[in-house]
Amino acid sequence: MNTTIMLSLIVVSVLVLGISAQNHPWDPQPRDANWLKRHEALVNQTLQHKTEEQIVFVGDSITEGWAGNGKAVWAKYYTPRHTFNYGIGGDQTQHVIYRIQNKEFDGLNPKVTILMIGTNNAGGNTVEDIAHGVNETVKELLGKMPNTKVILLGVLPRAEPLGAKVKQVNELIAKLNNDKNVFFLDMWSAYETDGKQHTELYVSDKLHLNEKGYEVWQQTMEPLLKKLDPTL
Ligand SMILES: *[C@@H]1O[C@H](CO)[C@@H](O)[C@H](O)[C@H]1NC(C)=O
Ligand SMILES: *[C@@H]1O[C@H](CO)[C@@H](O)[C@H](O)[C@H]1NC(C)=O
């Protein structure tokens with residue numbers, strides 16, 4: 001083998017290793033300065049409301065949207081039950097894992113923790129790696145809040161090209177259900193029938209929910225929430 005070929009092979013190997021090392025969606029990863037501010041605000045939320053928090057929602061923009069399009073539904077069903085939102089738009093599993101490892105949930109003891117995460121990984125990770133990231137996220141949450149019950153929600157239907165992929169993620173993460181402290185809930189059929197997305201529940205990007213979409217979420221999840229804790 002001549003030197004040029006050998007050097008090229010080394011360069012390619014280093015690149016491949018480098019890319020795959022950066023791209024483990026279970027390795028904690030912070031984002032930019034703006035995001036760090038938002039993370040700090042959520043740590044503050046925890047410090048200020050520690051003993052009050054009964055239900056927490058954890059996730060990305062779809063969770064964050066409870067404070068936007070979901071506001072009225074939240075005010076009616078969740079505010080009275082001391083519910084707190086830990087959604088940050090754009091987050092992938094590795095970012096939520098960073099947040100968990102950096103004090104967002106320290107000292108909390110909510111009855112129920114609701115997690116929906118992974119759709120933002122769909123562009124850059126394999127189905128298996130995303131499921132691995134979700135698996136770690138659940139473990140990290142339970143590490144900080146050992147008495148909570150996690151409702152692990154399946155990722156919601158979204159427009160193609162990534163719709164089919166998130167459906168496969170749901171098939172893998174469904175196995176994390178243990179009927180003990182992890183309860184998987186697939187809300188897919190409330191948002192899609194026979195491969196046809198119920199676009200009337202979404203805004204125009206067919207990824208984020210409108211107010212009706214948040215109502216459907218609340219209604220679909222309520223029986224499980226009540227079952228897990230009838231006092232809620
Ligand atoms: C968090 O709380 C600290 C202490 O009260 C305060 O100095 C800081 O500005 C707060 N950060 C955010 C992002 O709200
Ligand atoms: C989640 O991770 C654990 C190892 O920590 C593994 O035993 C288990 O099979 C994983 N579950 C799934 C559904 O991948």
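**Ground rules.** I noted that this is a predicted model, in which local features need pLDDT of at least 70 and side-chain atom pairs count only at pLDDT 80 or more, while totals for chains, interfaces and linings use all residues. Residues are numbered from 1 along each chain as its sequence is written, chains are lettered from A and ligands numbered from 1 in the order in which they are written, and side-chain values use heavy atoms, with hydrogens and water left out.

**Ligand 1.** Around ligand 1 I found Lys37, Glu40, Ala41 and Asn44, where a residue is near if one of its heavy atoms lies within 4 Å. I sorted the shell into one nonpolar, one polar and two charged residues, taking Ala, Val, Leu, Ile, Met, Phe, Trp, Tyr, Cys and Pro as nonpolar, Asp, Glu, Lys and Arg as charged, and the others, Gly among them, as polar.

**Ligand 2.** I then turned to ligand 2, which has Asn135, Lys139, Leu172, Lys175 and Leu176 around it. A polar side-chain atom of asparagine 135 is 2.4 Å from an oxygen atom of ligand 2, and for lysine 139 I read a distance of 2.3 Å from a polar side-chain atom to an oxygen atom of the ligand. Taken alone, ligand 2 exposes 360 Å², and the protein buries 39% of that. Its shell consists of two nonpolar, one polar and two charged residues.

Threonine 113 is in strand β3; helices (H or I, at least four residues) and strands (E, at least two) are DSSP runs, numbered from the N terminus. With 0% relative accessibility, threonine 113 counts as buried, a word that here means under 20% relative accessible area, with exposed meaning over 50% and partly exposed in between (1.4 Å probe, protein chains only). I found its side chain in a polar contact of 2.9 Å with the side chain of threonine 148. A polar contact is a pair of N or O atoms within 3.5 Å; within protein, one must be able to donate a hydrogen and the other to accept it, and residues adjacent in sequence count only if both atoms are side-chain atoms. Leaving aside neighbours within four places in sequence, threonine 113 is in contact (heavy atoms within 4.5 Å) with residues including Val56, Leu141 and Met145.

Methionine 145 sits in the loop between α6 (127-144) and β4 (149-153), and I noted that methionine 145 is also buried, at 0% relative accessibility. Not counting residues up to four places away in sequence, methionine 145 touches Phe105, Leu108, Pro110 and Thr113.

**Aromatic rings.** Searching the whole structure, I came to 13 aromatic pairs; rings of Phe, Tyr and Trp (its six-membered ring) pair if their centres lie within 6.5 Å, and planes under 30 degrees apart count as stacked, over 60 as edge-to-face and the rest as tilted. Tyrosine 86 and phenylalanine 105 form a tilted pair, with ring centres 4.7 Å apart and planes at 45°. This pair links distant parts of the chain, with tyrosine 86 in strand β2 (residues 83-87) and phenylalanine 105, 19 residues apart from it, in the loop between α5 (93-101) and β3 (112-116). Both tyrosine 86 and phenylalanine 105 are buried. I also noted a cluster in which ring pairs link Phe57, Trp66, Trp74, Tyr78, Tyr214 and Trp217.

Of the nine residues of α5, eight are buried, and their cover includes α2 (33-49), β1 (55-59), β2 and α6. Lysine 103, in the loop between α5 and β3, has a positive phi of about 80° although it is not a glycine, and at 53% relative accessibility lysine 103 counts as exposed. Lastly I looked up the peptide bond between glutamate 160 and proline 161, which is cis, with omega about 15°.

How values were computed. Accessible areas come from the Shrake-Rupley method with a 1.4 Å probe; for residues, only the protein chains shown count as cover.
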